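Visitor: I would like a short tour of this protein. Please show it to me first.

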Amino acid sequence: MNLSHQERIQLHEFNNLTKSLSFNMYDVCYTKTREEREEREAYIEYIDEQYNAERLTGILTHVSDIIGAHVLNVSKQDYVPQGASVTILVSEGPIVEVPTEHFDESPGPLPASAAMHLDKSHITVHTYPEYHPHEGISTFRADIDVSTCGEISPLKALNYLIHSFDTDIMTMDYRVRGFTRDINGRKLFIDHDIQSIQNYIPEAIKEEYDMIDVNVYPQNIFHTKCKLKEFDLNNYLFGYTVDRLGEGEANEITSKLKKEMDEIFYGKNMDKRE
């Protein structure tokens, strides 16, 4: 069924659809030097400072503004030895008119004023600094979930989330769950048209990444993953630059980093590169 926009659908009661966006990003770095442990610990400390609970709270607060949510409660925690988590509960306010741009399959705005409020919704983030025990690879991962009920889609926050992190790899999942009813009692399992999460990502960003879509349209499940096309080894060395490396060592590190990113992107372990 080709659904109309929500403002053209008369519902029996409140829109009970649950729309969930999971945004998962990875930042990969090489920290192995003569002082391997010190470099690795310095990288973890840097990541913990860059993405501490206070800064993550600011990011999620901007997300709540973009999707039009009123913040009810914030819970945040920095962990020892590393990592952070933030959870924000948001509430519904009066909805006078549903803005049509929320139904456009296009990138959402960067931080802007709230347009509407949502009910029974939450936004969460968890971070996971991690390192390989032998290969000198360190990885920072952040998982953000935006779950909403009602008319608006959390996909409108995706553009801002992408701009909030330095990402080598991104995976995004969007799902619409449950159902609502029109005034005749007919179930509606989705209230907006969507072909791909990619349509909510700006063209300039898409040009920088290799992208794969896996969509299950009958079940309203949408999945997109992205990996940076360009590789500059200097961007992956923590605390030093390529000019400190010999050609053979630079090639070996490049091979390790690309293997790590390919394994994350394709979701499987791979044989060591030649």
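**A helix, a histidine and the cysteines**

Guide: In helix H2, Ala 53, Leu 56, Thr 57, Ile 59, Leu 60, Val 63, Ser 64, Ile 66 and Ile 67 are buried. Buried means under 20% relative accessible area, exposed over 50%, partly exposed in between (1.4 Å probe, protein chains only). This is a predicted model: local features need pLDDT of at least 70, side-chain atom pairs count only at pLDDT 80 or more, and totals for chains, interfaces and linings use all residues. Residues are numbered from 1 along each chain as its sequence is written, and side-chain values use heavy atoms, leaving out hydrogens and water.

Visitor: With which side chain does the side chain of His 223 make a polar contact?

Guide: A polar contact is a pair of N or O atoms within 3.5 Å; within protein, one must be able to donate a hydrogen and the other to accept it, and residues adjacent in sequence count only if both atoms are side-chain atoms. Here the distance is 2.7 Å. The partner is the side chain of Asp 173.

Visitor: How many disulfides does a search of the whole structure find?

Guide: A disulfide is a pair of cysteine sulfur atoms within 2.5 Å. Cys 29 is buried at 7%, and Cys 226 is buried at 1%. The number of disulfides found is 0.

Technical notes:
Helix = DSSP H or I, 4+ residues; strand = E, 2+ residues; numbered from the N terminus.
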